[in-house]
Structures are given as structure tokens and as C-alpha cells.
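Hello,

Here is the structure I promised to pass on. Please open it first, then read my notes below.

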Amino acid sequence: MIVVEVMPKPELLDPAGKATLGAIGRLGQTAVEGVRIGKRFELTVDGPVTPEVLAEVRALADDLLSNSVIEDVVSIHLASSEDLLDELDEGASGETR
Amino acid sequence: MSRVGVVTFPGSLDDRDAQRAIRIAGAEAVPLWHADHDLQGVDAVVLPGGFSYGDYLRCGAIAAQARIMREVIDRANAGMPVLGICNGFQILVESHLLPGGLIRNDHGSFVCRDQRLRVENADTVWTSDFEVGEEFVVPLKNGEGGYIASEETLRELEGEGRVVFRYVDVNPNGSMNDIAGITNARGNVVGLMPHPEHAVEPGFGPDTDAAMRSGVDGLRLFRSALDSLLARV
């Protein structure tokens, strides 16, 4: 599985993120000072992820999944490395327990 | 009689109002379906308001890939008049027929109001019956109508007089430079967030000083296009 992550451009106002930040504030949470909301696309492919497939996904990410006027494609990666990230997170939370 | 097509996408809302506006303006309204690839020889096309594809992905992004849009884009690039209203404007920017983008209103809320606009360019196909500087009122209703563009694009739009309509009194959605509508370099493609098709018939338009709901200024966009088409013949 290929994961594509798209975020609103940092210089643009993200009203959805701003509204969420307001809700966080009302919960009494003070450590969070900013929220931005983006999108994560999970693309499943038929067969192995070849360089050709990745190139196609990159083009799709630029042409359809994001609009370069208002958004940036911040990441395109295989889900396997995402799994690795999850494991790292679990390890980190294990330490704090 | 001129024939003006109105494309219906899944989730279009204002297609029938647009058809009605075209008929009241004196042309034949031709319903077009998003999955067709035949514009049926129409002289102009209106992309109506609504929530095509439920605003999935981005407003207008999926509609921009609809089959009929290939032909709309080709004909628009060849000079056919195209008007995008609200979601239609969003489809035009996603189709790259117009520059910039439309994002969620800066205040985060859906807004519905009678909106005063100023005409900044009376040379487009859709504004030829107006005078520059003239003001008029039509309804506006959107959640993602904030016009944005890069500094370079904004400079280009302003420098070339391609801002067609600007919000007056209130900027309802945080649009840069109070931009309500823009045109392409040729002046045949115009997109705007407010809804001229909802101000075409006494009894159903915005209030005016003369009488409640008597505003019919929106009709003039459609009349402009018909006059331009007749002048071309």
C-alpha cells in the first residue's frame, strides 16, 4: 500500500484546523498551540510497487490528489515504513508507562 | 435562438435555476449530463452551483475530471463562453481554465446573504452589458468561497484587469483583494462565487429599494453573453 499525505499550504489559513484548536482550548488543553488538518490517501496497488508505479502515484498526487495552489504533497511512502513508525511510537509510549 | 448548455453533475443544485435564467434571458437552455461527451452544439456553457460529488477530495476536483469537461475545456480554449457559478467556479479553477483556488471561508462558517458586487471588467463575454464601476446585488451562499492565489497570479490578474467582480461593503469569505469573480485572458471564461441565476425574476431575487425580492440584476450576465453571441453571428 502506498500512502500519500497532503497538507494545506503553511502560509494559508486552515479554518478547520483553527476551529479544532478552539475546541482543544475549551477542553482545557494548553500545551497545543496549533492544529492543521490535512489528508491521507491509502492507495492499494495490484502487484509489486515498482519505480513505474511510484512514478504514476507521484503524478497522481500532483495532478489529482492535491491542488498545488492551496496544498502541498508532504509525503509519499510505503505503508511498511508507516508500520515501522507505529512500532517506534509503541516503544516510546511503553517507556512512559 | 442561441443555445446555452447547463451541465448537471451528481450533486449539482442550481442547474435548473441556471436553465431558467437562460430561458428568461431569451435563449434555449440545453441540459447536459456530466457523463456525456457531447455538448450538443451549444453556443455557451454554464457550470452551475451545488456540491458536485459531495465536495469529496476538494470542491470541484472530481467534477473537473468528468467526461464532459474535456470537451468544455477544449471549446473554452477555442473561445466558447463559459460561466462557472459557485461550485462551477470551483470546477473552473480545478480544470485550470481559471487560475487560483477557493478555500474554506476564513470565518469557518457557511454564509448566505444578498451580496453587493462591483463590476471591475465590462469587456468579458459575461459582463458586456455592465459599466465598469457599476454595483449590483445577487445572492451569495458558500462555505468554501475564499479566493486565493499566489502573489504572482494576483499581480497578473490585477495588472491585466482580469478581476471581474469585487465584493463591496462586506468580504463574506476572506477572499484575497475582495475578489468575487475572475476571467481568463480571452474574457470568454468567467467564474464567480455569487449566484446571478438566483436574481432573474421579480418575486424571487434579493430585496431592492423599490420592493422586496425584486432584484433581477443577475439576468444581465446571461443577457451579456447572448448579446455577445448575437454580435458574433
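B:Phe110 sits in the loop between β5 (101-103) and β6 (111-119) of chain B. Is B:Phe110 buried, exposed or partly exposed? B:Phe110 has 13 other C-beta atoms within 10 Å, so this residue counts as partly exposed. A residue needs 20 or more such neighbours to be called buried, and 12 or fewer to be called exposed. In sequence, B:Phe110 and B:Asn173 are 63 residues apart. In space, their C-alpha atoms are 8.8 Å apart.

A word on confidence. This is a predicted model. Its scores are ipTM 0.82 and pTM 0.91. Chain B has a mean pLDDT of 96. In chain B, 100% of the residues reach 70 or more.

Now the sheet of chain B. Nine strands make up an open sheet with mixed pairing. Their order is β2-β1-β3-β4-β11-β10-β9-β6-β7. The edges are β2 (28-33) and β7 (135-142) of chain B, and each of these strands pairs on one side only. From one strand to the next, the twist averages 25°.

Start with the parallel pair. Strand β1 (residues 3-8) of chain B runs parallel to strand β3 (residues 44-47) of chain B, and three bridges link the two. Within chain B, you will find B:Val6 opposite B:Val46, which belongs to β3(B).

Helix α2 (residues 67-77) of chain B lies across part of this sheet.

Next, strand β10 (residues 179-183) of chain B. How many of its five residues are buried? Five of the five are, and the strand is mostly covered. Strand β9 (residues 163-167) of chain B pairs with β10(B) in the antiparallel sense, over three bridges. There, B:Arg166 faces B:Ile179 of β10(B). β10(B) also pairs with β11(B), again antiparallel and over three bridges. B:Thr183 has B:Val190 of β11(B) as its bridge partner. β10(B) and β11(B) form a hairpin with five residues between the strands. In that hairpin, B:Gly187 takes a positive phi near 85°.

Two helices of chain B are also worth a look. Helix α1 (residues 15-25) of chain B packs against helix α5 (residues 219-232) of chain B at an angle of about 60°, and their axes are 9 Å apart. From α1(B), the contact uses B:Ala21, B:Ile22, B:Ile24 and B:Ala25. From α5(B), the contact uses B:Leu219, B:Phe222, B:Arg223 and B:Leu226.

Finally, chain A. It has three helices and three strands. From the N terminus on, these elements run β-α-β-α-β-α. Of the 97 residues of chain A, 10% count as buried. Take the chain A contacts between residues at least 6 apart in sequence: 68% of them join residues at least 24 apart.

Best wishes

How values were computed: Residues are numbered from 1 along each chain as its sequence is written. Chains are lettered from A and ligands numbered from 1 in the order in which they are written. This is a predicted model: local features need pLDDT of at least 70, side-chain atom pairs count only at pLDDT 80 or more; totals for chains, interfaces and linings use all residues. Two strands pair if DSSP finds at least two bridges between them. Helices (H or I, at least four residues) and strands (E, at least two) are DSSP runs, numbered from the N terminus. Axes are lines fitted to C-alpha atoms, for helices over the stretch in contact, and angles run from 0 to 180 degrees between N-to-C directions. Two residues are in contact if their C-beta atoms, placed from the backbone, lie within 7 Å. pLDDT is the predictor's confidence in each residue, from 0 to 100.
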